[in-house]
Amino acid sequence: MVETRLIDGKAAAAQLRAEVAAAAVELAARHAITPGLAAVLVGDNPASQAYVNSKAKASREHGLRSFEHRLPATTSEEELLRLIARLNRDEAVDGILVQLPLPRQIEPQRVIDALDPAKDVDGFHPQNVGRLWSGGRTLAPCTPFGCLLLLRQTLGALSGAEAVVIGRSNIVGKPMAALLLQENCSVSLAHSRSRDLPGLARRADILVAAVGRAELVRGSWIKPGAVIIDVGQNRIAGEGGKSRLVGDVAFAEAHGIAGAITPVPGGVGPMTIACLLRNTVISACRRRNLPDPAL
Ligand code: NAP
């Protein structure tokens, strides 16, 4: 039986947030700059509202300016593109995040394509995606970058490790694979058509699950000692009619097999907003040709 370490995402995120706040203080003192993050929310999806509220609150708490744009669900694509063009021109705005999903009448890729790549703090613009895959300087998507920070903290160097990422979305799985490749891992990117997923997963020294299927990854899929990053956030029925949050990995089964694992909640989740603040501060520096802060 392996002793399984818990990877504390809350503590890692608190540390990164403190570093972001310190970098913001220094930018204000030395250059009179306050990094600004604009959040755009279209419609009234309660989960999206909650995400935007917590991103705006976190910005203000860490010395950043927050600009919130809440548009009705009936907003047309042209109206949204006009707002994006305005934010692209606004010197006070260093980062723009458009909360997804968008209402049906709006094509998300058109909106992402319209962002100034220098302000694309989610790292979704094709120019930033291309730079990520070609190893250039970019703004990496927040959730996978947060996973990478947790892996570095847990393992130190990742070079030569066999990494398996389950899930190939543009926001998590694919950029995660690109980041692991940059760290010199041997990377497999698995998805719903992958054959023998348990066998593939069992090869992994590093296993990242970003699927959105409650407890898909069983204990028997895990190589003893592997480090598991569970990105999944799935609501399932709990006791007393209440719901509870579980990951994509059967946590209780992984315990005693994995070398280390992120819990859900309290693992990857807290890192995402911390990385968004980090990207905003970095974007504020790069747009003014200042060196990147050490974040
Ligand atoms: P997504 O866009 O729905 O992508 C899911 C991926 O999983 C797809 O590539 C899909 O394969 C694959 N998949 C689905 N069923 C599978 C199966 N049975 N076996 C193997 N692969 C399977 O999801 P996402 O946006 O990447 O999010 C994934 C999870 O992460 C969700 O639970 C989400 O809530 C969570 N998440 C958390 C954070 C955070 O901050 N903690 C941020 C983002 C997402 P195909 O491509 O073949 O369809």
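The side chain of Ser169 has an N or O atom 2.6 Å from a ligand oxygen, and that of Arg213 has one 3.4 Å from a ligand nitrogen. The protein covers 70% of the 930 Å² of accessible area that the ligand has on its own (Shrake-Rupley method, 1.4 Å probe).

Altogether, 22 residues surround the ligand, each with a heavy atom within 4 Å of it. The closest are Arg168, Ser169, Ser192, Gln233 and Thr272.

Helices H2 (residues 46–61) and H10 (residues 269–286) pack at an angle of about 55°, with their axes 10 Å apart. H2 is therefore oblique to H10 (angles under 35 degrees count as roughly parallel, over 145 as roughly antiparallel, 65 to 115 as roughly perpendicular and the rest as oblique). Arg286 is found in helix H10. A polar atom of the Arg286 side chain lies 3.0 Å from the backbone oxygen of Thr138, and a polar contact of 2.7 Å links the side chains of Arg286 and Asp292.

Residues are numbered from 1 along each chain as its sequence is written, and side-chain values use heavy atoms, without hydrogens and water. As the model is predicted, local features need pLDDT of at least 70 and side-chain atom pairs count only at pLDDT 80 or more, whereas totals for chains, interfaces and linings use all residues.

How values were computed. Polar contact = N/O pair within 3.5 Å; in protein donor to acceptor, adjacent residues only side chain to side chain. Axes fitted to C-alpha atoms, helices over the stretch in contact; angles between N-to-C directions. Helix = DSSP H or I, 4+ residues; strand = E, 2+ residues; numbered from the N terminus.
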